Amino acid sequence: MTLGELCRADFPILSRTVNGHPLAYLDSAASSQKPRQVIEAIQRYYERSHANVHRSIHTLGEEATELYEGARDAVCGFIGARSREEVLFTRGTTEAINLVAQLVGRTLRPADEVLVTEMEHHSNLIPWQMACRDHGAVLRAVPVPDGRHLDLDAFRRLLGGRTRIVAVTHVSNVLGTINPVADLVREAHAAGALVLVDGAQAAPHLALDMVALGADFYAFSGHKLLGPTGIGVLYGRKEVLERLEPAWGGGEMIKEVWIDHAQWNDLPWRFEPGTPPIAGAVGLAAAVEYLDKLGMPRVTVHEQELTRRAQDALAAIPGVTVYGPPSGEGRGAVVAFNVEGIHPHDGAAVLDEAGIAVRAGHHCAQPLMKRLGIAGTLRASFSVYNTAAEVERLARAVATLPAQL
Ligand code: C6P
């Protein structure tokens with residue numbers, strides 16, 4: 001039995017039908033489904049242990065705090081961070097990146113530079129546009145001239161003495177390209193720049209090791225990683241976090257407060273003002289534990305095999321263009337494609353009639369769409385619970401699209 005066949009039964013939603021057909025959920029890059037283990041952990045928390053964290057001496061307060069801080073330890077282990085102080089909970093990737101853009105943005109001076117890439121999701125572009133606008137800095141972008149990979153020579157040319165931070169995605173949510181982030185970090189550090197890696201499409205699919213990667217910041221969302229919505233992670237290298245002033249104020253991020261000033265709390269709480277997403281953290285811990293049990297290397301092999309099959313099957317259909325690196329090169333668990341003469345939204349609607357859920361549109365990556373010279377694509381994306389049979393169903397349905405539209 002393949003991994004997909006083995007773990008499908010853990011995901012209750014996968015047994016439902018859509019438009020009279022068994023559901024083929026091929027939209028996990030937008031948001032993954034949740035195993036029973038995650039759903040039950042959240043339910044157990046609300047039924048037995050809910051209270052606010054870090055505040056109350058009573059039993060429920062202590063249980064909730066233990067669960068919340070235990071989740072931090074689980075995530076710390078999952079991403080190979082050196083210490084739990086480096087793991088901050090946020091509400092998602094977008095919030096994590098906005099936080100870094102504010103923290104680092106404040107240190108920018110006029111004519112300083114921020115380096116992004118043409119394949120960034122808007123979440124790793126707009127916050128930097130805002131930071132540059134507010135602080136007079138200049139935004140530069142590494143091009144993707146072949147529509148597949150970053151131009152690494154251009155990266156080296158653009159990286160200079162004025163570059164303060166490089167913000168780059170680990171895995172493109174459209175192309176699936178896996179960027180050589182450890183190399184980029186090394187070169188950026190040699191040039192004196194910080195590095196933020198957007199790991200939204202990597203953390204659910206690749207074994208992570210923050211120490212080996214060396215990035216200063218790494219952001220991802222719980223809901224793409226079999227966990228709930230409303231929880232995300234910002235990993236920050238301790239030496240870097242320690243020298244940054246908090247961007248947001250409120251309860252729990254302080255040690256002592258006077259009317260006109262305050263003394264900040266220790267890491268990581270300094271960057272977590274207010275009541276945090278406790279249930280989200282509990283669910284994320286269960287998701288991480290679930291993935292750890294499956295084994296991330298096994299998850300990667302399974303998803304890359306499905307992705308390769310999808311890429312080959314779709315590319316073999318007349319009129320279909322598949323985007324991203326060629327088959328055989330490792331890629332994230334997404335396959336974006338177009339069918340000649342068919343608008344992606346129409347294609348997705350017809351596939352939905354057949355019970356197949358894919359995403360259509362610009363995938364919040366409009367600069368990349370402009371580079372590819374298209375308005376949007378269809379996109380199939382995979383998770384641990386998908387099977388080769390679903391990929392075959394997708395390919396058969398895509399082949400019939402021109403006859404149906
Ligand atoms: N991409 C997709 O269908 P949030 O919304 O904060 O959980 O994640 C934002 C985000 C940031 N970076 C990358 C690379 C992403 O792929 C995403 C989310 C989804 O591709 C929804 S647009």
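Predicted model: local features only at pLDDT ≥ 70, side-chain atom pairs only at ≥ 80, totals over all residues.
A residue counts as near a molecule if one of its heavy atoms lies within 4 Å of it.

Numbering runs from 1 along each chain as its sequence is written, and side-chain values use heavy atoms, without hydrogens and water.

**Stop 1: the ligand shell.** Select the ligand and its surroundings. The shell holds 17 residues, and the closest are Thr 94, Asp 198, Ser 221, His 223 and Arg 359. Colour by class: four are nonpolar, nine polar and four charged. Here Ala, Val, Leu, Ile, Met, Phe, Trp, Tyr, Cys and Pro are nonpolar, Asp, Glu, Lys and Arg charged, and the others, Gly among them, polar.

**Stop 2: polar atoms.** Show Asp 198. One of its polar side-chain atoms lies 2.6 Å from a ligand nitrogen. Next, Arg 379: a polar side-chain atom sits 2.7 Å from a ligand oxygen. Then Thr 93, where a polar backbone atom is 3.5 Å from an oxygen of the ligand. Now switch to the surface. The protein covers 87% of the 520 Å² of accessible area (Shrake-Rupley, 1.4 Å probe) that the ligand has on its own.

**Stop 3: the domains.** Select 39-292 as domain 1 and 295-404 as domain 2; the bounds come from an automatic or database domain assignment. Each contributes at least three residues to the ligand shell. Their C-alpha centres are 28 Å apart. Finally, pick the contacts (heavy atoms within 4.5 Å): 29 residues of domain 1 touch 32 residues of domain 2.

Key. Polar contact = N/O pair within 3.5 Å; in protein donor to acceptor, adjacent residues only side chain to side chain.
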